[in-house]
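Hello,

I am passing a structure on to you, and my notes follow below it.

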Amino acid sequence: MTVFAQALHAHLFGLPADDEPLPSALDTLLQATHTATAPEQQTAILRQVAEQLRNGAEIIQRYQYRAQWDRLPDDAAEQLRDAHDQAQKVAQTLDLVAPAFSSPPAAPELPGPQSRHTAAPPARPTPPAGHRR
């Protein structure tokens, strides 16, 4: 009966059944990176990757809680907590970086006429005007 209920639940909510392959949205995004040429597409891909990382962080956190609940070794839960934190940090970084792909690149700064290593020594101060002999 439990197997039937799980299969029905999966079918009703669009979840994969146990014998079906797991979804691979990141695989689709990876393929899109090869064809995305417009800046807006590139930004959208980075934002979607950030969203997927947040989803991944939530999945990791659930397994972290499961590791604690099942009393797995402490280092398993700790490593999962670290992975969760790192995934969130990467997602936040992508959120900050993604808009840069939509804006035009800044013009590169041209070097000045002299580099720091070839600069002339500072000029000597002029002595105050005085009486000449």
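Let me start with histidine 84: once neighbours within four places in sequence are left aside, its contacts (heavy atoms within 4.5 Å) are Ala57, Ile60 and Gln61. This histidine sits in helix H4, and His84 is buried, at a relative accessible area of 8%. For burial, the cut-offs are under 20% relative accessible area for buried, over 50% for exposed and partly exposed in between, with a 1.4 Å probe and protein chains only.

A word on the source: this is a predicted model, so local features need pLDDT of at least 70 and side-chain atom pairs count only at pLDDT 80 or more, while totals for chains, interfaces and linings use all residues. Residues are numbered from 1 along each chain as its sequence is written, and side-chain values use heavy atoms, with hydrogens and water left out.

On confidence, the protein chain has a mean pLDDT (the predictor's confidence in each residue, from 0 to 100) of 79, and 59% of its residues reach 70 or more. Helix H4 has the highest mean, 96, and helix H1 (residues 2-12) the lowest, 60. Where pLDDT is low, the predicted coordinates should not be read in detail.

As for the overall layout, the protein chain has 4 helices and 0 strands, in the order α-α-α-α from the N terminus. These are DSSP runs numbered from the N terminus: H or I of at least four residues for helices, E of at least two for strands. Of the 133 residues in the protein chain, 12% count as buried. Among contacts with a separation of 6 or more, 54% join residues 24 or more positions apart.

The largest nonpolar core consists of 5 residues: Leu46, Ala50, Ala91, Leu94 and Ala98. Such a core is a set of buried Ala, Val, Leu, Ile, Met, Phe, Trp, Tyr and Cys residues joined through side-chain atoms within 4.5 Å. Helices H3 (39-69) and H4 (74-97) each supply at least two residues of the core. Beyond residues up to four places away in sequence, Ala98 touches Thr43, Leu46 and Arg47.

Finally, the surface: what is the relative accessible area of leucine 96? Leu96 is exposed, at 73%, and it is found in helix H4.

Happy to hear what you make of it!

Best wishes
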